[in-house]
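Dear colleague,

My notes on what was found follow directly after.

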Amino acid sequence: MDPYTPRTRPARKKNLTLSAKEYTKITGTIASVRRNRQLSDDVDEEIEPRVHSSRETRRNHEPSFIAETSFVRAPLNSRVGATKSTPKSKGKEREDVLDHLPVDIQEALILEDLLYVLMGIEGTYITYHRDYSPEDDDPLQGINFVVASPLDPSLRDLTERVLPLGTYYTAISAFVESRSHLDYGLVNHALCAAIRDMLKEYQTLLSQLEHAFNISPQFTLQKLWFYIHPTVHTLSLIYQLILELTNTEDDEGSSLSSSSGDKEQAARDEALGLGGAKLKAVLSEITKSSTGAAVPVKGGEVLTVIYERTQSMSGDPTAFKVYGTLLSAAGVPYAEMLREWITTGRLQDPYEEFCVKESKFISKGILEVDYTDEYWERRYTLRDGSTLSSKQQHAGVPPPRTPGGRLPGGACIPPLLEGWKHKVLLAGKYLNVIRECGIEVQASQPQANEQQLSMDDQKLYKFLEDAYTHANRTLLRLLLQDQQLIPRLRSLKRYFFLSQSSFLTHLLDLAHTELRKPAKSASIVKLQSLLDLALTGEDALFREDVKVSIASTGLYEWLLKVISVSGVIGGEEGEGTPDGVGQEDSKRDRDKDKDEKKPMLAIDALALDYTVKFPLSLVISRKTILRYQLLFRFLLHLKNVEQSLGLMWIEQKTATWRKSVPSHPEFEQWRLRVLLLRTRMLAFVQQILAFVTFEVLEPNWRSLEAKLAKVTTVDQLLRDHVDFLDTCLKECMLTSAKLLRAYSRMIVTCSTFALYASSFTKSASQALSAAESGDGDQAMGKRWDFLKKFESNFNHWFKFHLDCVQYYASSENVSLLPLVVRLSSIKSMS
């Protein structure tokens with residue numbers, strides 16, 4: 001066969017005209033159409049209105065699809081009235097028709113109409129309610145049908161019993177269509193699929209009834225009611241469910257709108273000139289934009305609604321079966337998300353339906369600079385904001401639908417998982433940490449992954465428990481064995497708590513010159529090299545992770561700022577506190593400016609830092625390292641002051657301080673007072689140091705080791721570690737404003753006194769020379785004045801500090817009682 005070659009199209013003529021033959025043909029066609037239309041009109045006028053078969057009647061009155069405005073919404077509904085004027089004439093004609101028909105014919109006509117109505121299609125004698133408007137009415141409420149009034153009463157009663165099925169069917173079909181959009185999530189999609197399967201059974205029943213109507217003359221309205229009576233109850237249950245699901249969103253919208261209609265608020269706005277309509281419109285737009293769109297009913301909230309209806313109607317076997325089937329089907333996507341989360345640590349929740357949410361902007365890199373455990377606490381959280389502790393809930397929780405009601409969307413946790421939600425969260429978090437380390441997560445139950453989980457199955461809880469136990473053991477094994485957590489904590493104790501402090505003494509000797517410089521002038525590189533040199537002879541693990549850092553503020557000033565903001569322990573000003581608090585507070589403000597002018601020395605700003613990698617950074621995070629640094633700086637100051645006073649004691653063993661001068665008794669008394677004050681200060685520092693090391697740090701460390709040996713969960717491990725550090729800070733008096741303030745004054749007095757060791761030695765040499773030469777000692781009065789300033793200052797702050805310790809030991813912190821006994825021995829020396 002030769003290929004077809006199209007011919008070239010002839011060029012168009014510029015002037016289009018009709019030939020005589022074409023013109024005659026068109027005019028003849030128009031004339032014939034006019035004749036046929038006139039003939040049909042004349043026939044209609046001559047023939048009396050008679051009742052033909054129902055199919056002919058429906059065809060004569062059937063409107064055109066072109067004029068039907070609701071055809072787009074109901075493409076299968078070809079029986080809806082076309083114009084506004086038609087129903088009245090049709091209604092009168094129907095009444096006239098039914099009035100002149102026997103009961104068996106009425107039954108046949110109504111039966112045929114019912115088969116259409118049961119599919120949501122308007123019939124000839126059963127029509128939509130007169131108030132129904134496809135454009136204005138909510139399709140999720142269903143379409144109400146009414147029967148023509150002259151119908152026989154016996155038939156009307158049975159017909160009205162069947163009519164609710166049409167309403168149920170139209171509402172359920174509209175719900176399935178609307179909730180099948182992507183915005184409503186996978187749970188709604190599964191629910192719609194289950195309802196669609198039930199509707200298929202309903203449609204199969206209708207097709208069987210229609211077949212019986214067409215072939216069986218004995219098919220009556222009573223038989224129709226007999227066959228569909230069980231279905232009425234089933235569809236009514238589904239209808240009630242979808243009404244609750246749709247009304248929940250409507251109630252939220254009405255509550256939001258009614259909240260802005262408060263009369264008192266309106267009166268206040270009017271008094272302030274805020275009552276204008278335009279301004280109200282602007283404010284309402286701002287409110288809408290700030291609150292955001294309402295959360296649709298999806299995810300866990302859908303399962304909660306179905307579960308609550310199942311429980312409330314558990315006495316009805318049909319309801320229990322229908323709702324149980326819907327719950328099982330709708331819970332399949334939720335159970336799959338749950339399985340994926342607790343077995344692999346991956347969160348597959350594209351529509352925010354699951355009870356766990358992820359903050360993707362928080363990554364493990366934030367652990368290097370985060371001081372608030374942001375990664376562990378907020379990377380994965382429950383949508384309802386609840387936590388294991390009784391602290392404040394997480395932010396970002398949506399408001400409930402109604403005051404005191406359930407939370408919307410995925411924030412509503414199904415009652416079946418309410419008691420397991422924390423284990424669900426932790427199981428996924430543990431596995432996610434393991435995956436972040438690059439370790440492939442192995443499922444604990446490979447055979448369980450193949451079988452389908454059901455939300456209402458008791459096996460689900462065993463699966464959850466096994467998955468949680470597996471995830472917990474896996475991460476604990478990774479931390480305690482593979483990552484050597486216990487040796488890491490012991491190295492922290494050695495370096496930060498100075499359990500073996502020979503390296504610190506070596507470092508202070510090597511860096512003596514550098515540490516006497518201002519903090520801003522000290523070289524961190526030089527100090528780091530000196531620290532490495534001091535640690536060279538130490539047989540200690542992880543010494544390469546210890547780094548030197550210089551703090552920007554003093555220890556006590558920084559702690560006082562933190563306490564004043566957080567209100568820890570010493571927040572109650574003036575309640576049951578020792579005497580002299582008001583005077584001390586007034587002096588503190590005056591001395592603050594003086595202290596700020598003095599440059600901070602490097603020894604006061606010296607701190608250690610510790611670097612660890614993920615996942616150890618979950619346990620040894622910046623939050624915990626900060627606590628270690630505070631305790632280290634506290635101990636360092638004590639060690640430094642103790643060393644300074646020890647050097648002063650060595651200096652005062654020279655002949656200047658030991659030589660007897662009988663001719664100058666006042667000088668000998670002054671010399672003894674200096675030695676006594678130095679002894680009391682050294683005793684104070686040593687007693688504080690002994691209390692902190694032997695009665696605070698060491699017992700608490702032993703307690704932590706015992707807890708770590710029995711730890712069963714990673715969260716318990718984290719809590720025990722943080723609690724250990726917090727307890728140490730509290731018992732070291734670093735969380736009470738008054739104790740800290742008194743102690744800081746004491747330690748500053750002791751360190752300042754040690755700085756004047758050479759000055760005291762020089763004064764003693766001058767006094768000794770004056771006594772040997774026989775000349776009068778004119779400067780003895782100044783020496784006494786200078787010494788008495790230190791004595792009065794030390795005695796005042798020592799008494800104040802002892803009173804504070806006694807007060808807190810008897811009221812809030814019993815662990816300070818041993819310190820009271822230790823400090824009382826120093827008091828007796830005065």
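Please bear in mind that this is a predicted model. I begin with Leu140, which, apart from residues up to four places away in sequence, touches Ala171, Ala174, Phe175, Ser178, Arg179, Ile242, Leu243 and Thr246. Leu140 lies in the loop between strand E1 (126–128) and strand E2 (145–147). With a relative accessible area of 11%, Leu140 is buried. As for Ala171, its C-alpha atom is separated from that of Leu140 by 4.7 Å, although the two residues are 31 residues apart along the chain.

The largest nonpolar core has 223 residues, and those touching the most other members are Phe354, Val356, Tyr610, Phe634, Trp670, Phe684 and Ile688. Helix H27 (residues 665–710) supplies the largest share of this core, namely 19 residues. In soluble globular proteins, nonpolar side chains tend to be buried together.

One of the residues named above, Trp670, may be of interest in more detail. Leaving out neighbours within four places in sequence, Trp670 is in contact with Trp657, Phe760, Ser763, Ala764, Met780, Arg783, Trp784 and Leu787.

Finally, I turn to the cysteines. How many disulfides does a search of the whole structure find? The search finds zero. Cys732 is in no disulfide, and the nearest cysteine sulfur, that of Cys728, is 6.2 Å away; a disulfide would require the two sulfur atoms to be within 2.5 Å. Cys732 is buried, with a relative accessible area of 1%. Cys192 is also buried, at a relative accessible area of 0%.

Yours sincerely

Key:
Residues are numbered from 1 along each chain as its sequence is written. This is a predicted model: local features need pLDDT of at least 70, side-chain atom pairs count only at pLDDT 80 or more; totals for chains, interfaces and linings use all residues. Side-chain values use heavy atoms; hydrogens and water are left out. A nonpolar core is a set of buried Ala, Val, Leu, Ile, Met, Phe, Trp, Tyr and Cys residues joined through side-chain atoms within 4.5 Å. Buried means under 20% relative accessible area, exposed over 50%, partly exposed in between (1.4 Å probe, protein chains only). Helices (H or I, at least four residues) and strands (E, at least two) are DSSP runs, numbered from the N terminus. Contact means heavy atoms within 4.5 Å.
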